[in-house]
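Dear colleague,

I am handing over a structure together with some notes on what was found in it. Please keep the model open while you read, and look up each place as it comes.

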Amino acid sequence: MEFKAVKLTDDVYWVGAVDWNIRDFHGYSTEKGTTYNAYLILADRVTLIDTVKAPFKQEMLTRIASVIDPGEISYIISNHAEMDHSGALPQVITELKPERVFASVMGVKALSEHYHLKTEITALKDGDELSLGNMKLKFFETRMLHWPDSMITYLGERNLLFSQDGFGMHLASGERFADQIEEPVLKWEAAKYYANILLPYSPLVLKLAERLSVLDIRPEIIAPDHGPVWRSNDNDKIIGWYQEWARQLPQLKVVIVYDTMWQSTDLMARAIADGVAEAGLSVKVMRLRATDRSDVMTEVLDAGAVIVGSPTLNNGMFPTVADFLTYMKGLKPKNKIGAAFGSYGWSGEATEMISTELKSMGIELPEVPLRVKYVPDQDALARCWEFGRRMAELVKERVEE
Ligand code: FEO
């Protein structure tokens, strides 16, 4: 058989799909592809947790068929209605005719409205339990992590948490477990996922962590809807990273994000970076036409400062810079300082526009915008260098407070 299930425990299997070639996931760059994870519980009532994106339905059904006749599935739980997890659901319901399909209260609405389903979906409330005969599932609503319908499912008998988008990453691989993948790859991809999907909901992440801790739920296995499954000590690793990212504590790091027309703003960016580095901070220089916005946000996640540069084009900022600021604003980064810089020929409005946008995000701007007319000379580059060094010193003061 071409697609096989992967055993998580004696009675729980991964039966998802690997999407090796997706490169854009609703505007988020996925250089390494992704997985859509679904899980099969071989309880008295055979249960499927989530499905996959619609074109991958057959891959999922074939994996299920490698351990059990798919027609034996009694229950389907939809933890999250987004189409990467529910796309195959209508067709799976039609083909397998499960006894019951469950989702959160908001999930029932979302699935019904999205797919115009004729099948009745049973609503589960926060804290509800569902008997599978020899095992029991418990459900926790996790609204806005990642959509209003989101919930997570806990299988107490196996101390296993089906965490839906949480703790996930876009990473296609032959390995199904995090402990088979190098840590720098895991950390970058998990951070990228957090920065681009979950960052705006960081206070909810902290509340959920607190809630699970009060309930003394410390899962041995965390099975997300994307990327590898976490088990043994790797659980502590991903939970620790989430706590760090959700607190949004600034680190000794500066991100310089910009675009350039005739390399003057680029020269400024590089001189500013040199000043930051001189102060001993980590610095990332990211030109927007060379770097995807979702990679920039991954670096912004733990940065103490974001310095944004743009030339002035037609009395405005460069379109890629406007795009990035709009994107970053929606992700609501906290606890950062910022600054604007850029070259201009005659009108020079871009830096003020950037400052206005950064302020509207609650980013404090300790420096006036740095503008250079046409091409920076040695004096101008020295001012850029000083600007970078001062910003770095300000980050140091805040981090060491
Ligand atoms: Fe992986 Fe919010 O869907």
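In UniProt, an unreviewed entry places the feature "domain: Flavodoxin-like" at residues 254–392; UniProt positions are given here in the numbering used in this email, feature names are shortened, and annotations may be inferred rather than shown by experiment. Over residues 254–392 the chain is 45% helix and 24% strand, and the end C-alpha atoms are 7 Å apart. Helices (H or I, at least four residues) and strands (E, at least two) are DSSP runs, numbered from the N terminus.

Before the details, a word on the model. It is a predicted one, in which local features need pLDDT of at least 70 and side-chain atom pairs count only at pLDDT 80 or more, while totals for chains, interfaces and linings use all residues. Residues are numbered from 1 along each chain as its sequence is written, and side-chain values use heavy atoms, with hydrogens and water left out.

Pockets

The largest pocket has a volume of about 540 Å³. On a 1 Å grid over the protein atoms alone, a pocket is an open set of points where a 1.4 Å probe fits, with protein on both sides within 12 Å along at least five of seven lines, whereas a cavity is a set from which the probe cannot get out; lining residues have an atom within 4 Å of a point. Grid points are joined across faces, edges and corners, and a volume is the space filled by probe spheres set on the points.

Of the 26 residues that line the largest pocket, Phe167, Ala209, Leu212, Ile239 and Gln243 lie nearest its centre. Strand S15 (160–164), helix H6 (202–214) and helix H7 (234–247) each supply at least two residues of this lining, and the largest share, seven residues, comes from H6. By class, the lining has 15 nonpolar, seven polar and four charged residues, where Ala, Val, Leu, Ile, Met, Phe, Trp, Tyr, Cys and Pro count as nonpolar, Asp, Glu, Lys and Arg as charged, and the others, Gly among them, as polar.

The second largest pocket has a volume of about 300 Å³. It is lined by 17 residues, of which Met261, Thr312, Tyr344, Gly345 and Trp346 are the closest to its centre. Helix H8 (264–278), strand S21 (312–313) and strand S23 (337–344) are the elements that give two or more residues to this lining, which by class has seven nonpolar, 10 polar and no charged residues.

In helix H3 (residues 89–96), Leu89, Val92, Ile93 and Leu96 are buried; buried means under 20% relative accessible area, exposed over 50%, and partly exposed in between (1.4 Å probe, protein chains only). Seen down the axis of H3, these buried residues fall within an arc of 100 degrees, so they line one face of the helix; the arc is that of the directions from the helix axis to the C-beta atoms. An α-helix has 3.6 residues a turn, so residues three or four places apart point the same way. The buried residues of H3 pack against helix H1 (57–65), strand S9 (75–78), helix H2 (83–86), strand S10 (100–104) and helix H4 (105–115), with contact taken as heavy atoms within 4.5 Å. H3 is followed by Lys97, whose phi is positive, near 50 degrees.

In helix H11 (residues 350–360), the buried residues are Ala350, Thr351, Ile354, Ser355 and Leu358. They fall within an arc of 135 degrees when seen down the axis of H11, so they line one face of the helix. Among the elements that cover them are strand S20 (303–309), strand S22 (316–317), helix H10 (319–331) and strand S24 (370–373). H11 is followed by Gly362, whose phi is positive, near 80 degrees.

Single residues to look up

Asp216 is in the loop between H6 and strand S16 (221–224), and has a positive phi of about 60 degrees although it is not a glycine; with a relative accessible area of 53%, Asp216 is exposed. Asn314, found in the loop between S21 and S22, also is a residue other than glycine with a positive phi, near 50 degrees, and at 71% relative accessibility Asn314 counts as exposed.

Arg383 lies in helix H12 and is partly exposed, with a relative accessible area of 45%. Leaving aside its neighbours within four places in sequence, Arg383 is in contact with Leu370, Arg371 and Val372.

With best wishes
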